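The sequence and the structure come before the text.

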Amino acid sequence: MSRSIVRQSKFRHVFGQAVKAEQGYDDIRVSKVTWDSSFCAVNPKFLAVIIESSGGGAFLVLPLSKSGRVDKNYPLVIGHSGPVLDIDWCPHDDNILASCSEDCTAMVWQIPDHALTRPLSDPVVVLEGHSKRVGIVTWHPTARNILLTAGSDNLIIVWNVGTGEPLLSMDDHPDLIYSISWNRNGSLFCTTCKDRRLRVCDPRKREVVATNFEEPIALLELDTSNGVLLPYYDADANMVYLCGKGDSSIRYFEITEEPPYVHYLSTFSSKEPQRGMGFMPKRGVDVSKCEIARLYKLLDKKCEPITMTVPRKSDLFQDDLYPDTAGPEPAMEAEEWLDGRDEDPILVSMRDGYVPPKSRELKVAKKNVLDSRPTTRRSMSTLETNSLPPQLLERLLEEIQNLKATVLSQEKRICDLENKLSQYTNGTA
């Protein structure tokens, strides 16, 4: 008599469950812009959702505790002149949020601890460097104030938000960049592109170090839908959650070091398809309920939290479910990372749960342009341009040439008019 060997896993019986209706967020006008972002970002303090708005771009920021129906007059975060395409909370400060838009800019916002009482329209810093819409914004996982943006100009720019300046740029992609993800210590990042290639990039060397691997370690056909998959990886549990836009299910898998490497666990399904999804950092889950993940599912007009729980009988802290996780403190400064230093995230214990700290003001130490302004006029060719991204420099030079041509044509027109006026005055016309 043969017995099948069942693989041992503490996550075999993880189950997903939607919260009660009153614990969700209703009457949210979720954005209908055709862009493949998640439209949602969440951390232990706030929920942010990109919404439909007229006259520019806007998003909604709610304290997690403010569930239920959202007042139609609730203040928004406004400032972009075009639709907002992506948002991302800073991993080192729960009150700092980055956004990017079709208006070719990225902005960084300081969100107050309390609920907004009036529209927030003044960002801490505006990042201008792309010549086309900016569709991706993502923070460095371990270095303070490092932010990456990518646009439809196929350009990637890494910024120091603390100074508001670009640190470096890459233009190695021949087509539209779909997504970007940093590795755990932020030494590399991975991109997917419209040319169907996967690239691993070293930003400080400004080079692609790997392109399109030979064979996948696992290949699984999920369905025939053409919707975009939003993957969320839990490094503490070695689990990945796959959420399809336009789909009504969340599939989750466990990753192991032994073949076959990827193990299907289960699927959470609901009636309505999701427009987007937010994934709570591990420090924001409820350890008293053995919750190992929480996702925020966007529907047409509401946001529905979904908890992923491991059933346990004991009320004690479950050490095996909660190894020390990445905390909010950065492991290094922006300058250290730029000089070549790499550090893993600083870990914190989940034993007593996580209490978000109070807001800390983000200070931007921009250079004073008056200090470096020349006493005499110089041409563009003599300016310090090494720090500018190549495509931005090219765009500025082109704009200057166009303005010069316009000025010359207007000067000629003025001369012609003055000559005619003189002829009429002298009676020679």
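## A glutamine in a loop

Glutamine 318 lies in the loop between β26 (302-309) and β27 (325-326), where strands are DSSP E runs of at least two residues, numbered from the N terminus. The model is a predicted one, in which local features need pLDDT of at least 70 and side-chain atom pairs count only at pLDDT 80 or more, while totals for chains, interfaces and linings use all residues. Residues are numbered from 1 along each chain as its sequence is written, and side-chain values use heavy atoms, with hydrogens and water left out.

Apart from neighbours within four places in sequence, glutamine 318 is in contact (heavy atoms within 4.5 Å) with Cys290 and Arg312.

## Salt bridges across the sequence

The structure holds 17 salt bridges, each defined as a side-chain nitrogen of Lys or Arg within 4 Å of a carboxyl oxygen of Asp or Glu. One of them joins the side chains of arginine 7 and glutamate 254, at 3.3 Å from N to O. Because arginine 7 lies in the segment before β1 (15-18) and glutamate 254 in strand β22 (residues 249-255), this pair ties together parts that are 247 residues apart in sequence. Arginine 7 is partly exposed, with a relative accessible area of 26%, whereas glutamate 254 is buried, at 10%.

The side chains of aspartate 113 and lysine 45 also meet in a salt bridge, at 2.7 Å from N to O. This pair links distant parts of the chain, 68 residues apart, with aspartate 113 in the loop between β10 (105-110) and β11 (125-128) and lysine 45 in the loop between β3 (40-42) and β4 (46-51). Aspartate 113 is partly exposed, with a relative accessible area of 37%, and lysine 45 is buried, with a value of 13%. A further salt bridge, of 3.9 Å from N to O, is formed by lysine 282 and aspartate 236. Lysine 282 is in the loop between β24 (276-279) and β25 (291-298), and aspartate 236, 46 residues apart from it, is in the loop between β20 (229-234) and β21 (239-244). Lysine 282 counts as buried at 11% relative accessibility, and a network of salt bridges links Asp234, Asp236 and Lys282.

## Enclosed cavities

There are 3 cavities of 30 Å³ or more in the structure; a cavity is a set of points, on a 1 Å grid over the protein atoms alone, where a 1.4 Å probe fits but cannot get out, and its lining residues have an atom within 4 Å of a point. The largest cavity has a volume of about 100 Å³, and its lining includes Asp27, Arg29, Asp71 and Lys72. That lining divides into 6 nonpolar, no polar and 4 charged residues.

The second largest cavity holds about 40 Å³ of space, and Trp35, Ser152 and Leu176 are among the residues that line it. The elements that give two or more residues to this lining are β12 (134-139) and β13 (146-151).

Conventions
On a 1 Å grid over the protein atoms alone, a cavity is a set of points where a 1.4 Å probe fits but cannot get out, and a pocket is an open set with protein on both sides within 12 Å along at least five of seven lines; lining residues have an atom within 4 Å of a point. Grid points are joined across faces, edges and corners, and a volume is the space filled by probe spheres set on the points. Ala, Val, Leu, Ile, Met, Phe, Trp, Tyr, Cys and Pro count as nonpolar, Asp, Glu, Lys and Arg as charged, and the others, Gly among them, as polar. Helices (H or I, at least four residues) and strands (E, at least two) are DSSP runs, numbered from the N terminus. Buried means under 20% relative accessible area, exposed over 50%, partly exposed in between (1.4 Å probe, protein chains only).
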